[in-house]
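Here is a brief report on charged side-chain pairs. Look at the model first, then read on.

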Amino acid sequence: MAVQISSATLLGSDDLITHAYLDYPRAGPVDGYVFDAYGWVIGKEPVTEVEFVHEGVVIACCDLNVQRPDVARAFGGSARVGFWKAIGTVGLAPTFTIRVRAVLQDGRQREIAEIRGTQQLTSAFTSTMQPITVISPGRSGSSLLMRMLAEHPDVVVHERFPYEQRVCSYWMHFVQVLAMPVDTSRAESFEFWTNRRQLPPFPSFFLDPVLFEDSVGAAVDRWYASNQVEEFARVAQAAVESFYRRYARRRKSTAPAFFAEKFAPADHIRSIIRQLYPRTREIFLVREPRDTLASVRAFDNKRGFGEFAGQLAETDEQLVDLIRRSILDLTRLWKSRSRYGALLRYEELIRSPAEPIHAMLEALDLDSSPSIVDAMAKAADEITTDVNAHRTSPDVASSIGRWQRDLEPRVQKMCDEAFGGLLDELGGNSFPTGMSENRRI
């Protein structure tokens, strides 16, 4: 089966939880890419809702709106202590852990159960192109690297600066949205129907398995959660490949085997991509975090609005923490995915591009002929109106070590405390390419 529940473990009572139980899911195969989470919880203080957390992100939540007279008879009190939620697995890690936690009226949280499982999203589409995902925090040189990749004959990049036409990301998000179970009892399930710019979930009715286990509606749900989800994945992959094939005809003399797109370290879409494209290549790009901070601030000042900092951080302290967390996310990904890709350092890509480019191509099992490496290295020197608008340093060489002149002493001290040892697990300040012989694809 595509989805298998390995275990559903109750964590027991504590200082805030009197009793809790998880009826579903049970260990075993799941029919489709959705499973039911069904149980109940009694707190020493009122419990307002139950959350389902995957890799630190709340992926679903529900109220205690299921009547459980059996629980009321056993423990007394209200019968309205039950919960039920259909949990979609598309977008979760191939080996996933979901923590179930109760949220009390005063905001405190307590984990009550843990659900572990595995999944593998499949489709009937046979891909002739594979993705190269460029993973880096913002303002770390990803536009420069994408420009280099566009020069490789076997890689197609949508070349509209700054190379952020995320075609594959869009279609993978399409799959996840349409695979998401819809709780039709909640008004917000339909909030996007009149918004022409956003895609609402498919209005499939996922029914309470205890009350409707043998109903026609439940059978339709199971069909939708398996057959239709895989059909959506097939359509999405076909659309991605059609786009890049058509685009490549005007850019390449031969049909490329890869397309490249940018991704942030915390982007959840990559899990879907890796399952549908098992030969995905990954490039992890990292930069001195103090220079990243200086570049973010300068970019926002240059444009006159907070495109980078202003949306997610209002103070220097928040921005420093944001950059720190993005590098921690990248480090975690690199440690788990190093055998599938290459690690690059921005500084080495600037100072002596030929060596890291060659090592990167070798690690990705791409043609690393001297003429190709030379063309990619020369692309870094290209100056256009768009490049000048994007830059915040007079030239790329002066972007290295800029924090020493751009950051005031107060912020430098803040960075020392937040970024000290941050790159150690990525090779510290000394790694030239981040490659090794056992990190080839």
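Is Arg 402 buried or exposed? Arg 402 is buried, at a relative accessible area of 3%. The model is predicted, and buried here means under 20%. Arg 402 forms a salt bridge with Asp 406, with N and O 2.8 Å apart. Asp 406 is partly exposed, at 33% relative accessibility.

The count of salt bridges comes to 27.

| Pair | N to O distance |
|---|---|
| Arg 402 and Asp 406 | 2.8 Å |
| Asp 374 and Lys 378 | 3.2 Å |
| Glu 111 and Arg 99 | 3.9 Å |

Take the pair of Glu 111 and Arg 99, joined by a salt bridge. Glu 111 sits in strand β10 (residues 109–119) and Arg 99 in strand β9 (residues 95–104), so this pair ties together parts 12 residues apart in sequence. Glu 111 is partly exposed at 36% relative accessibility. Arg 99 is partly exposed as well, at 34%.

Asp 374 and Lys 378 belong to one helix, α12 (residues 370–379). They are 4 residues apart, about one turn of the helix. Asp 374 is partly exposed, with a relative accessible area of 38%. Lys 378 is exposed, at 54%.

Which residues are linked in a network of salt bridges? Arg 297, Asp 316, Glu 317, Glu 408 and Arg 410 are.

Definitions and conventions. Residues numbered from 1 in each chain as written. Predicted model: local features only at pLDDT ≥ 70, side-chain atom pairs only at ≥ 80, totals over all residues. Heavy atoms only, no water. Salt bridge = Lys/Arg side-chain N within 4 Å of Asp/Glu carboxyl O. Helix = DSSP H or I, 4+ residues; strand = E, 2+ residues; numbered from the N terminus. Buried < 20%, exposed > 50% of the residue type's maximum accessible area, 1.4 Å probe, protein only.
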